[in-house]
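This report describes selected features of a structural model. The sequence and structure are shown first.

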Amino acid sequence: MGKVKGRSGPLAQRPDNSAFKQQRLPAWSPMLTANTVLPFFYLVALLCMFLGVWLLLTVQGTQELKLDYTEAGTCKGCFDMRKNASKAAEPCECRLDFEIKKAFKVIFLNEQQILTFGSTQVASSTQKKRGDVFFYYGLQNFHQNLRRYMDSRDDGQMVGRKNKLMNPSTYCIPFNTDQAGRPIAPCGAVANSIFNDSFTLHYRGQVVPLLRTGIAWYTDKNIKYRNPSNGNMTLAQVFNGTAPPPYWHKPVYQLDPLSPNNNGFINDDLIVWMREAAFPNFKKLYGVLRRAATPFTKGLPAGNYSLNVSYNFPVQYFRGRKEVVLTTLTWFGGQNHFLPVAYLVTSCLILLAAVVLTVVWFKFGKTGRKMQD
Amino acid sequence: MGSVTSYFGPLCGEEQKIEEERHFRGNDRPFNLSYHYADNAITTSKYSVFTFLPLNLFEQFRRLANAYFLSLMLLQLIPQISSLSWFTTAVPLILVLSITAVKDASDDINRHRSDKQVNNRMVNVLIDGELRSDKWMNVQVGDIIKLENNQFVTADLMLLSSSEPLNLVYVETAELDGETNLKVKQALTVTGKMGDSIHALAAFKGEVRCEPPNNRLDKFRGTLSLDGQTYSLDNDKVLLRGCTVRNTDWCFGLVIFGGPDTKLMQNSGKTTFKRTSIDHLMNVLVLCIFGFLAFMCTVLAIGNGIWEVREGSVFTIFLPREQGVNAALSSFLSFWSYVIVLNTVVPISLYVSVEIIRLGNSFYIDWDRKMYYPKNDTPAQARTTTLNEELGQIKYIFSDKTGTLTQNIMTFNKCSINGKAYGELFDFSGQRVEITEKTERVDFSWNKLADPKFSFHDHSLGETVRGGNLEARAFFRLLALCHTVMPEEKKEGELHYQAQSPDEGALVTAARNFGFVFRSRTPESITAMEMGIKVVYELLAVLDFNNVRKRMSVIVRSPEGKLTLFCKGADTIIYERLHPSCNKLKEVTTIHLNEYAGDGLRTLVLAYKDLDEDYMNDWKRRHHEASTAMGDREERLEELYEEIEKDLMLLGATAVEDKLQDGVPQTIEQLAKADIKIWVLTGDKQETAENIGYSCNMLREEMKEIFVVAANTAEGVKEELQKARRTMCPEVAEEPTVIKARAGLFWLQKTERVEDEKVDGDYGLIINGHSLAFGLEKDLQLELLRTACMCQTVICCRVTPLQKAQVVQLVKKYKQAVTLAIGDGANDVSMIKAAHIGVGISGQEGMQAVLSSDFSFAQFRYLQRLLLVHGRWSYLRMCKFLGYFFYKNFTFTFVHFWYAFFCGFSAQTVYDEWFITLYNMVYTALPVLGMSLFDQDVNDRWSFQYPQLYAPGQLNLYFSKKAFVRCMMHSCYSSLILFFIPWAAMHDTVRDDGKDIADYQSFALLAQTCLLVVMNIQLCLDTYYWTAVNHFFVWGSLAAYFAITLTMYSNGMFLIFTSSFPFIGTARNSLNQPNVWLTIFLTSLLCILPVVAFRFILIQLRPTINDKVRHTVRKEALPAPAPRRPPARRISTRRSGYAFSHSQGFGDLVTSRRFLLKMPLRSRPVVFTQTDSALAQSQPQHYRTIAEEREEPQSPQAVAAAAAQ
């Protein structure tokens, strides 16, 4: 490890006198002293307390309603019917009545935002929309996070690569081709198992209007999922030669009969579903209350509602539950009691620790006697 | 390197038959070539351009860790198992492999270069009847080559003829065995006759049969057949490669072994591979981790089995099983999948990082200016880069004495002549003045024969001598005559003394400078220049020195015919034989002697006696009778000596300083404060060793007792040891408590440990070599160890190199402590190799000690910096690194474990695959390296101020199995927080615009961000020393994480590599969410604050020594560097003995005719009876000329040349 240097003379091999080589780099050496630790603990406790209270107050202003409709109301019949795989294709409608005791109040920030939302143009994601009422469907015990399940998709196909469309990735096996050998679009277990119940909410005989688009991430809708384009061909032509996933009732280019821009791989429901949940119990956005007309301009009024369900998705196989969630939001997301409570508890713990530390310091460390030995 | 070549051989398909006998003919290349002996080209390099890749990869995959990762990668290629893409392992593995490969390649290129340089050296070869200059590599077995003075020996040669009388050749073997003194080789007379006649040499057709190549330097057996006659060849007729020809104008030799077959090459490359205790611990831990990994995977596989039966079987409608896979098989597959997912518990970068840290710390040692010795331009060197942290755990130091503690320089310092003391300087107020290098020296220019290297500071002595003081003249005349030194005067006026002990040399040199120059001797006479006048004394008898007599005398007749006996010896011995008339002088001299002894000087008393002609004749006759007598010759001579050496007249006393190296006492004091035990193992005799023990503060007056074990029987040794032990600690049990335990990999290794026993007060122990031999026997070694370890100081004298190693091994075996051996000579090599860490003192004797050492520097005092600063820091850094590293990887991995309970045990990872790939190699690599390269708890000055800081290392406090378990629990806690807080915060929530955030990708991002933030804060907590580099690394790594993440989750990356970067947009969509940041903040608080609180409480309640010193550092200013205290003059009643460092005098030789003019060389083999092998050498070292000070760097050649003249 001898240093070869161009120097010569009696001190040719003398090491350089640099701070780095002599390990004398200027440095800051902090130490855990009472002067720093104790105030820090008290401050953090205060901060957590403040955050906790603030978050709690915010959460108090939100409302959430969860309806498990798996076997509720008339859906019991559908539930039984879905047990039978041979009747999987038969439609089943059911109804669920419920009452909202307290109106889902919308907190307006300014009027203009509503107007923006009134349109079907999905420019909303760039806007802040607080206090809207959100309609979710939830699944329990559905493992979207299984490794093989998550892998069973082809991003290349969904981003509109033509070769992938006709030749899906082997990850999609066994949902890559149908029995006739036609490629499945979209392929894979994830797409195949898409949640296909649909809902209409009624209030006093009036359909509660839901915005069914603009519910996916902007990046997903505009970048991650693209339809394969081929000149002026229609979607149906583009997908010609492919088969829909086996559990689907309609092909991918007919997912949304109302809006041509919401079909194929860029269908919002498909995109939302394809964003796999991290845990087996999850909820996914179904729609946002459209507040264009009364009585919904200020949210959902109190009263009796009924939910019409087109009951397709079988959950009895995996002992799952289905639910519908109506909720309003806060600035830090949906109704989430955990964070405020956790902050409050943490703050208490830190405070307790701070007191203990203070006592210990006062009794033992303050004199510095132990430091002297 | 020999092993490399031999390992290479079979690999290249060079099936070589085992050579049983070597047979070749001189000057007959075609004949010799038929045997395919190796030519003289050497290859120490491992690879060539083509073999580099396959061989290097092969070598690298022999390392367990690399093989493990390779098999992991292969596992990942199986689609059913692969829970991670292949690149998660491949990228780090390739990185690691290529770093190592680059390092290996550069090493090998250097070897190629040096090989090339050596192979292309030129030598004169006799080819076709004429001498031609040819490259070394072209020399073949059977060639005759000509070597000239100062040339390296090209190959192993049989000596044919030389320029010197009797066909002698002098060689220096420093490169082979480290001995710088010259050795003599002699050619057969029959070949010597040829001289330098090219014609005769070209016609030489001798046939040689000899042993096959081997590595024994001291043995050679063969025969030479010439003209029908057979001559036997032995080691004396062989010149070995690596030697240098000295003092010989030319010589011819016949090549016996070339290149790789030479003894030098056969000897090299067999260094034992040392590993640190941390290494061993790491291996055990890695093994435990493997076990733990298997355990976790089993749990998860069982979980998977249960899940598959209960849940998976009903989920098949959405996710059909693969063909033939049932729950059991799925469980089996998931076991392997989890092996892959959880592989990060055995982090691949661990080994790489450890190597980098050690390398860095080694560089610090090389760079340290405070361990650089300007006098001979020697920086400290970390020759082994893998042992640094062990330097922080040393418990026992075994030190050589000569050349290590002392400078191996004797100086004539003081003397007392006729009751007057000389040699000390006083200022005007009568205060003693410290003699430094700047003090003015006595000018000896009036004396043309003076040794320029000699220095003396007291002018009054020179004036006294020149002023004609009779006693002073007698004093120096005695010094010039009474000795067994042999002079060499190659050029007029250039005298060199060949003294057997350096003290004698010092005394004779002193006499020389004061005008009494010993010039030459014959068996019957001594020629001296007395104040410029040539005087020839007739030498009548030499009454030689031995251990019992402790004195020597000569009887000379001056030109005037006056008969005088001159005697010098140990004070106690001489005092008994003084004439009563000297009583007054005796008292004064005693005072001086005590003073000298108190200063740690070696003293001699000088006396003379005038003899009567008749008595002398009678005595001579009787002496002759006695020395030719058949029976009890020794006793009769002894009696005669006793008879004549009495009624002596006291002349005075001399004080010779065995010069300690600078700062030795202070260093020893410091190391003792750091609770390091120092044992001195020396070949010197007991008095010398004891003397040095006192002067370097190891033995002290205030010690309760100093035991001397010198018995000559096993029983006696046992008794003495037991007696010593009972004196020190009467209440201790007779039988030692031996704690048996198991350690090492698989707990296969049995260990035995003898507990330390507490003793009140300080004791010292001195053991003689012959007693030590008994003490090291099986039944006594525990007794020896116990007794020795109770003592503060242990000095073993007269030990052989082998015993040195045995002592080290004894302590290693029964104390389970880290040992360090420090030495400078070839006789220390065994000990240096045996100890955990070997330190060589460079720039003194040969290079052998340095070559086999792990660290080397020029002065003993640098040892304290090496241990207390570098060692301590290295240990601290390594432990911090390991603790943090295991923590970071365990936490990382455990999160996967918790997630398994949510994802049906399907081996789904929590994090993005790219994060897994980059976590160890990019995101966390630099901060932790920064910490472990720069961290220091307190700076070097404070480390010296508080040597106690060293103690935690000896006790293994910073990182042990316990610490590892603690670290695992900590990670367990952290991982729980890191998984469940994000889970609880996210599982049922949405973004502030109602969209998804509980999706897998967002959760992965959240979890990994939390992890990284927490890991960085934890690192900040662990870092004591924040340099700009640390700041840069920590903040830079965090910034790099966000930058890389945003890049990898960007549109572009997705559109280019769609399947590799599916996380598009995740970073943008979640990192703008308040609840994500609230969660990160909460997790960090919950992970970090308990640690802070815990550490704070520990500091308050039970501060460690580090905390205390750090606390002090904060309050106080930097301590001034410790003042160089002059060693206090001890008040001592102890009398240092006549410290000859040789066992038996030269007396016989001096009076024999053998050393005479034309054949001075005959005596050499007698004088230098050193065997070539370091291990076999069991004699104390012999010394050469005495140099007062080595001002300029002295090259080994210069020393050797001086020795040879």
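Where pLDDT is low, the predicted coordinates should not be read in detail. Chain B as a whole has a mean pLDDT of 81, with 88% of its residues at 70 or more. The model scores are ipTM 0.92 and pTM 0.81.

Residues are numbered from 1 along each chain as its sequence is written, and chains are lettered from A in the order in which they are written. Because the model is predicted, local features need pLDDT of at least 70, side-chain atom pairs count only at pLDDT 80 or more, and totals for chains, interfaces and linings use all residues, while side-chain values use heavy atoms, with hydrogens and water left out.

Helices (H or I, at least four residues) and strands (E, at least two) are DSSP runs, numbered from the N terminus. Axes are lines fitted to C-alpha atoms, for helices over the stretch in contact, and angles run from 0 to 180 degrees between N-to-C directions.

| Helix pair | Packing angle | Axis separation |
|---|---|---|
| H4(B) (residues 64-76) and H5(B) (residues 87-119) | about 150° | 9 Å |
| H28(B) (residues 862-900) and H34(B) (residues 1000-1022) | about 160° | 11 Å |

H28(B) is therefore roughly antiparallel to H34(B), a term for angles over 145 degrees. Among the residues in their contact are Tyr884(B) and Phe892(B) of H28(B), and Leu1011(B) and Asp1022(B) of H34(B). By class, this contact has nine nonpolar, three polar and three charged residues; Ala, Val, Leu, Ile, Met, Phe, Trp, Tyr, Cys and Pro count as nonpolar, Asp, Glu, Lys and Arg as charged, and the others, Gly among them, as polar.

H4(B) and H5(B) are also roughly antiparallel to each other. Residues of H4(B) including Phe69(B) and Met73(B) meet residues of H5(B) including Leu93(B) and Val96(B). The contact of H4(B) with H5(B) comprises eight nonpolar, four polar and no charged residues.

An unreviewed UniProt entry annotates Asp400(B), Thr402(B), Asp824(B) and Asp828(B) as "binding site". Although spread over 429 residues of sequence, these positions cluster in space, with a largest C-alpha distance of 10.5 Å. Asp400(B) lies in the loop between strands E15 (394-399) and E16 (406-417) of chain B.

Conventions
Angles under 35 degrees count as roughly parallel, over 145 as roughly antiparallel, 65 to 115 as roughly perpendicular and the rest as oblique. Contact means heavy atoms within 4.5 Å. pLDDT is the predictor's confidence in each residue, from 0 to 100. UniProt positions are given in the numbering used here, feature names are shortened, and annotations may be inferred rather than shown by experiment.
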